Amino acid sequence: MKKTISGIRGIFGEDLNLKEIIEFTNNFSSLIKSKKCVVGRDTRPSGEIIQDTVSAVLMKNGIDVFDLGMVPTPVVFRESRKYGAGIIISSSHNPIEWNGMKFILEGRGINEKELPSIINHQKILKSKIGKIEKIKSTYVEDAKKIIGDIANSPKIVIDNGGGAAKDFAKDLLKNLGCNVEMINQELLGCSRGPDPTSDELIELSNITNDKEIGFAFDLDGDRLVVVRNGKKQNPDVTLGLGVAKSLELGYKKFVLSLDTSISIEKFIKKKGGTVVRSKVGEANVIDDMIKNNSQAGGEGSSAGFILPEFNYCREGILTSGLIASMLKNPEFSEIINYMENYFQMREKINVNTKFHDEIIETVKNYLIKKYSEIDTRDGVKAIIDENTWILIRKSNTEDIIRISGESNDKEKCKLIINNVTKMVKEHYDKIK
């Protein structure tokens, strides 16, 4: 089970049971000042029983529950701005047997200071029992106000991946004026896994040959991957297109995670914008956005564009609408062509969590001797030259070490990634 600012995640029925769900919900109750909480879930089979348990605990602690049912993560974030708090029953892109909880306060995910209050036991004084009310979200209407109407009815195909985005993504794009086709609407019989960033998306790629663009979502709808002309784009392209639209709208202040493509940073600066780099992770990006009063940004590795004026979370559904509005715009091709000059490579190695720090320290010592510019805010990142970098860090959500790199020289990137990957594997074999 993982307990981080990204949420509580585990395999339901093994290391995550209703006992833990009750405990963490009880503890989170102590942070809800409004005494109101929005609750929603994605399409995982265990979602309904967890949501019922969460709602019961909240009401037991005197908190009114506003039940959204099965909805995407961005919808819960959006509605939590109205009610003060929210809980999402999801483990995002993790395998289907996993589930978890993500906690929202005042429209944003929890931070490092708030996490201990959730994972450490809190005694809640008895109070009157809260009530529960089913509500509907105004998400689609709110998003349309940001995007506006789209002319020429672009042909778009959505690969829902059996997730919770199905009605919201389709309704938003249709309301904007798009011609929409959907595949993999339901979880049962879905042709791919829960994470579109790692799946080949073969079915979607084949269909997009006669469409203008394809969009693939994860189970809770916060991750979006773009497929164009039969080719799956790398996750950074989703963020890059969101950034390009933000620049078009006049935004200049951005936050990007350490593992986001250097091409996006260069594109922003080319257009007169500024960039702050944050630790990897949605919550870390948002924390720096708040500190720096930034207008947009995100993390490339998770295909996660974030627009704070609308939502303090990765915004797969809103981003699909923003990208659709750019299809006839020269900026659309410009950002993709610009990013195609850079090659990104991402690897992950299964490593028991207790060995993460030792392995990261070993790699850090190697990189410090080899390269002069090192960033140790989140694992270790080495800047090799102005177009090349490598980052090694432990995952916030899984028992893995992530290795990311980029260069405008494909062979150079492969060589650096392969060398560090080999080093991590060899060291892990020695110590485990």
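# Briefing on helix packing, sheets and hairpins

At 37% relative accessibility, asparagine 365 counts as partly exposed, because buried means under 20% relative accessible area, exposed over 50% and partly exposed in between, with a 1.4 Å probe and protein chains only. The model is predicted: local features need pLDDT of at least 70, side-chain atom pairs count only at pLDDT 80 or more, and totals for chains, interfaces and linings use all residues. Residues are numbered from 1 along each chain as its sequence is written, and side-chain values use heavy atoms, with hydrogens and water left out. Helices (H or I, at least four residues) and strands (E, at least two) are DSSP runs, numbered from the N terminus.

**Individual residues**

- Asparagine 365 belongs to helix α13, which spans residues 356-370.
- Serine 29 is part of helix α1 (residues 18-29). This serine 29 is buried, with a relative accessible area of 4%.
- With neighbours within four places in sequence left aside, serine 29 is in contact (heavy atoms within 4.5 Å) with Leu58, Asn61 and Ile63.

**Helix α5 against helix α6**

- The axes of α5 (residues 139-147) and α6 (residues 166-176) come within 10 Å and cross at roughly 40°. That angle makes α5 oblique to α6. Angles under 35 degrees count as roughly parallel, over 145 as roughly antiparallel, 65 to 115 as roughly perpendicular and the rest as oblique.
- Axes are lines fitted to C-alpha atoms, for helices over the stretch in contact, and angles run from 0 to 180 degrees between N-to-C directions.
- The crossing of α5 and α6 is right-handed, a term for the near helix being turned clockwise from the far one by less than a right angle, with anticlockwise giving left-handed.
- On the α5 side, Tyr139, Val140, Ala143, Lys144 and Ile147 take part, and they meet Phe168, Asp171, Leu172, Asn175 and Leu176 of α6. By class, this contact of α5 with α6 has seven nonpolar, one polar and two charged residues. Here Ala, Val, Leu, Ile, Met, Phe, Trp, Tyr, Cys and Pro count as nonpolar, Asp, Glu, Lys and Arg as charged, and the others, Gly among them, as polar.

**Helix α8 against helix α12**

- The axes of α8 (residues 235-248) and α12 (residues 330-339) come within 10 Å and cross at roughly 140°. The two helices α8 and α12 are therefore oblique to each other, and their crossing is right-handed.
- From α8, the contact draws on Asp236, Val237, Gly240, Leu241 and Ala244, and from α12 on Glu331, Phe332, Ile335, Ile336 and Met339. The residues of the contact of α8 with α12 divide into seven nonpolar, one polar and two charged.

**The five-stranded sheet**

- Five strands form an open sheet of mixed pairing in the order β10-β9-β11-β12-β13. Strands β10 (179-183) and β13 (231-232) stand at the edges with a single partner strand each, so one side of each is left without a neighbour in the sheet. Two strands pair if DSSP finds at least two bridges between them.
- Strand β9 (residues 155-159) runs parallel to β11 (residues 213-217), joined by four bridges. Isoleucine 158 has phenylalanine 215 of β11 as its bridge partner.
- Helix α6 packs on this sheet, where it touches β9, β10 and β11, and its direction makes about 165° with that of β10.

**The four-stranded sheet**

- An open sheet with mixed pairing has four strands in the order β15-β14-β16-β17. Its edge strands, β15 (274-278) and β17 (304-306), each pair on one side only. Neighbouring strands are turned by 20° against each other on average, direction ignored.
- Strand β16 (residues 296-299) and β17 run antiparallel and are joined by three bridges. Glycine 298 has phenylalanine 305 of β17 as its bridge partner.
- Helix α9 (residues 262-270) packs on the sheet, touching β14 (253-257) and β15, and its direction makes about 150° with that of β15.

- Strands β19 and β20 run antiparallel, joined by three bridges, and aspartate 375 stands opposite lysine 381 in β20. In their hairpin, with four residues between the strands, glycine 379 takes a positive phi near 70°.
- Arginine 377 lies in the loop between β19 (373-375) and β20 (380-385) and counts as partly exposed at 42% relative accessibility. Residues up to four places away in sequence not counted, arginine 377 touches Leu258, Arg277, Ser278 and Lys279.
- Strand β20 also pairs with β21 (residues 388-394) in the antiparallel sense over five bridges, and these two strands form a hairpin with two residues between them.
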